[in-house]
Amino acid sequence: MPDCGPLGTLQQMAGGYCVSRCLHAVVELGVADAIGEQPVDTGTLAEAVGANRDALGRVLRLLAAHGVFALDHGRYSHTPASRQLREDHPQSMRALVRMFGLPLFWDAYGVFGHSVRTGRPSIELLQPDGLWNWFARNPEAAGIFDAAMVAKASGQVDAVLAAYDFNRFGLVGDIGGGRGHLLRAVLEACPGAKGILFDLPHVIAGVAPASRMECRSGDFFVDALPSCDAYLLMEVLHDWDDDHALVLLKAIRRGAPPGATLLLIEALIPTEPGPDFAHMLDIHMLTLVGGRQRTSDDYAYLLRNAGFGQSRTLDTGGGVSIMEAIAC
């Protein structure tokens, strides 16, 4: 964002949500998939995706000003960011953008004042039984969410595997691991290991079988968790407030034999000032699920109180850190 003084800063922030909505709209239309290797004019794009030519041109002009698509003499081509909006891109982020554009997410921000006044997720005004139960009732939205999590994790998983050696573990439990993208990668990298994927029944029902990976369905707040050499907890604790996070960590500790390793994988709130996506993600957690992003000290406090001794923290360089803890 250019330095344009206090007024410009406020204008950009106060009205900037239109950029997000433009991005959501072009992703739903599949505009990125309609652009190949050659620049395309607005009329051709509008006809291909079923949009109004003038409106689409104005939307793309705004996005191009933010580095999504490139504009040259009325024709649009790809930038690295817009290429990742294509369905066929190996690191496609189309599902992630669609997730942030879900109507329920936007409706929750429409009543965001509730979160600021009460500290509670504003989504509870729209869905009193919470986001996860809403996903269970809305399989299409749940599919978008699951695909978004896989897309988001694609780069993160590579960074996690590069930063940590999993070869010493015989049985690895992935708690709340969704479709098992991280666990599958760990097992592929460690041919001698086996894994247990644990998640809610409607999530496990959609998981494809994999060699050496057992799927178990249940509620980690209610059901007993398996005994494993190591546990993966990737971007799960940030979905919950401290009380629920502690309950989950204690449940893992009850299932874990002494000396078992717990690997918390999360985006940490930085100690340095300045913009960071973790700050933004923290507000999404507040609004949508009542969770929070945390500092490394916050996690150390939770781990101690759950019966784990924290041994080290590794920055993967992929937007998340690995906090290693040992069951006391």
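User: In which segment is Cys-328 found, and is this residue buried or exposed?
Analyst: This is a predicted model, and in it Cys-328 is found in the segment that comes after strand 10 (321-327). Residues count as exposed when their relative accessible area is over 50%. Cys-328 has a relative accessible area of 60%, so the residue is exposed.

User: Leaving aside its neighbours within four places in sequence, which residues is Cys-328 in contact with?
Analyst: Ala-306 lies 22 residues away from Cys-328 in sequence, while their C-alpha atoms are 9.5 Å apart in space. With the neighbours within four places in sequence set aside, the residues in contact with Cys-328 are Arg-253, Pro-258, Gly-307, Phe-308 and Gly-309.

User: How do helix 7 and helix 14 pack, roughly parallel or roughly perpendicular?
Analyst: Helix 7 (residues 103-110) packs with helix 14 (residues 277-288) at an angle of about 90 degrees, and their axes are 10 Å apart. Angles of 65 to 115 degrees count as roughly perpendicular. The angle therefore makes helix 7, relative to helix 14, roughly perpendicular.

User: Which residues form the contact of helix 7 with helix 14, and how do they divide into nonpolar, polar and charged?
Analyst: From helix 7, Phe-105, Ala-108 and Tyr-109 meet Ile-283, His-284, Thr-287 and Leu-288 of helix 14. The residues of this contact divide into 5 nonpolar, 2 polar and no charged.

User: What distance separates the centres of domain 1 and domain 2?
Analyst: The domain assignment of the chain gives domain 1 as 4-87 and domain 2 as 160-327. Taken over C-alpha atoms, the centres of domain 1 and domain 2 are separated by 36 Å.

Technical notes:
Residues numbered from 1 in each chain as written. Predicted model: local features only at pLDDT ≥ 70, side-chain atom pairs only at ≥ 80, totals over all residues. Heavy atoms only, no water. Axes fitted to C-alpha atoms, helices over the stretch in contact; angles between N-to-C directions. Helix = DSSP H or I, 4+ residues; strand = E, 2+ residues; numbered from the N terminus. Parallel < 35°, antiparallel > 145°, perpendicular 65-115°, else oblique. Contact = heavy atoms within 4.5 Å. Nonpolar A, V, L, I, M, F, W, Y, C, P; charged D, E, K, R; others polar. Buried < 20%, exposed > 50% of the residue type's maximum accessible area, 1.4 Å probe, protein only. Domains from an automatic or database assignment.
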